[in-house]
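I'd like to talk about aromatic rings today.

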Amino acid sequence: MGTWQPAVGLLAETARMAATAGAGVLEVLRNAAGPASPQDLLAARTQMALSLGWHIVLACLGVGMPALILLAEWRAIRTGDDAYMRLAHQWATAVGVLFAAGAVSGTILSFELGLLWPAMMGVYGQVIGLPFAAEGVAFFVEAIFLGIYLYSWNHLTPRAHLLAGLPVLLAGTASAFLVVCANAWMNAPVGFTPAGAVVRNVNPWRAMFNPAVPHETLHMIVAAFMVSGFLVAGVYAAGMLRGRTDRYHRLGFLVPFTLAAALTPVQVVVGDWAGREVARLQPAKFAAAEALFQTRAGAPLSIGGIVSGDRLHYSIEVPKMLSFLAKGSFDAVVQGLDRVPRPDRAPVGIVHLAFDLMVAMGFALLALSAWLAWSWWRRRGTPRSPWFLRLAALSGVAAVIAVEAGWTVTEVGRQPWTVYGHMRTFDAVNPAPGLWNGFVVVTLVYLVLTVVTLYVLRLLRRGGQVIAPQEPEPAPGPR
């Protein structure tokens, strides 16, 4: 423990200095530009939503695909089956490209935190700087070992090469954990004492391991593995629909789909737990997600529906089920939006729609996973119906929609707060003019980044490393 204390002290001191500098810059901006306008806030929110929505997909692949690569390589070593090794080569090449693109989008996000939300970083940077600093270390570990893994296929023994990939998986998972720790703190801020425009008695460790960390981090990490599994499997399912049913493509579908399918019921349980924790820590967000406008004992679960004014129309209600899901009792009282001042309410229509969409996609994937499990139990094979492959080809899209909808609930459901209960989003935004110009520039950057990433993947496919399994099979890679 003593070995870590100097490093922790250095990180805390760096965060404190950054926070002091950020507060000074913010004061200059406010004096020069005056208060932020609603248009500034809209521009900052839109840019952040674009950046997060784009990056989250690559972040999920960065967490989940190393597991698929190592699983395929392990099976190749155990069985001697060359199809597994070819899959490991193909997926590793794709991860190298996607990692580079994710590093760019992650860098953009790190700059946006300071440029778009200087008040939050200026006041609370010293509180929440620790997980960001630690994530930087995890990122470098991941990058270093990914380079070693990619360029040592012919220089290490099979087992040594497999072990060289483990730090990539562990560091990628750690990066996701640390970033979500910071987001969890925004939903359950602890580790400081408010003192006007500054904070006192800062405890970075308590802030990092705040009450929202367990359910948020587990929910996100499981989702990342599901997105990776279903996305990769979806590509191979599309190839199988076009007649590519050889062993290489069957394994390319079954390995990632089986991993994702096994985690889907786990995610349903974790999601139920996360809902209970949100009801306890952020009752206003929970009420918005469920579109519960009146505090009630024996509150019904509302499925679907359209929010208009202070009412939910055309929904399907399951009597008393919301009370049971939130509190474990059919007669428990669940707080509604009537106990939340109107200025403190989130946009209920958006949050409720996103929540229903996330749940719908989750249960659709659960049903598809159960279909595979049933067929494998009965016949030791995949379902014979072409509808299974058609739906499996769309499973990756469904998983991405679920993740995007889940983050919408997390971020929009916290509004109007950036730091829940302490700092409003309007007070955190950069008051300098021209934020819409920044949004246009960032949009163009992401457009170019998308085109370049797809183009490089296409070049790799033409060079013999097949990315899309609809194309002719590649020759076995050297080992």
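I'll go through the ring pairs, then a cluster, then the charges over rings.

Keep in mind that what you see is a predicted model. A quick reminder before the pairs: two aromatic rings get described by how far apart their centres are and by the angle of their planes.

So, how many aromatic pairs are there? The count is 18. Take W91 and Y236: their centres are 6.3 Å apart, with 80° between the planes, and that pair is edge-to-face. What I like here is where the two partners sit. W91 is in helix 3, residues 82-116, while Y236 is in helix 7, residues 213-241.

As for accessibility, F324 comes out at 30% relative, so it counts as partly exposed. F330 is at 41%, and that also counts as partly exposed.

Next, the cluster. Which residues are in it? Ring pairs tie together F230, F253, F257, W371 and F388.

R86 lies over the face of Y248, 4.4 Å from the ring centre. Then there's R390, which lies over the face of W387 at 4.7 Å from the ring centre.

Okay, that's my tour; over to you.

Terms used:
Residues numbered from 1 in each chain as written. Predicted model: local features only at pLDDT ≥ 70, side-chain atom pairs only at ≥ 80, totals over all residues. Heavy atoms only, no water. Phe/Tyr/Trp six-rings, centres within 6.5 Å; stacked < 30°, edge-to-face > 60°. Helix = DSSP H or I, 4+ residues; strand = E, 2+ residues; numbered from the N terminus. Buried < 20%, exposed > 50% of the residue type's maximum accessible area, 1.4 Å probe, protein only. Lys NZ or Arg CZ within 6 Å of the ring centre and 35° of its normal.
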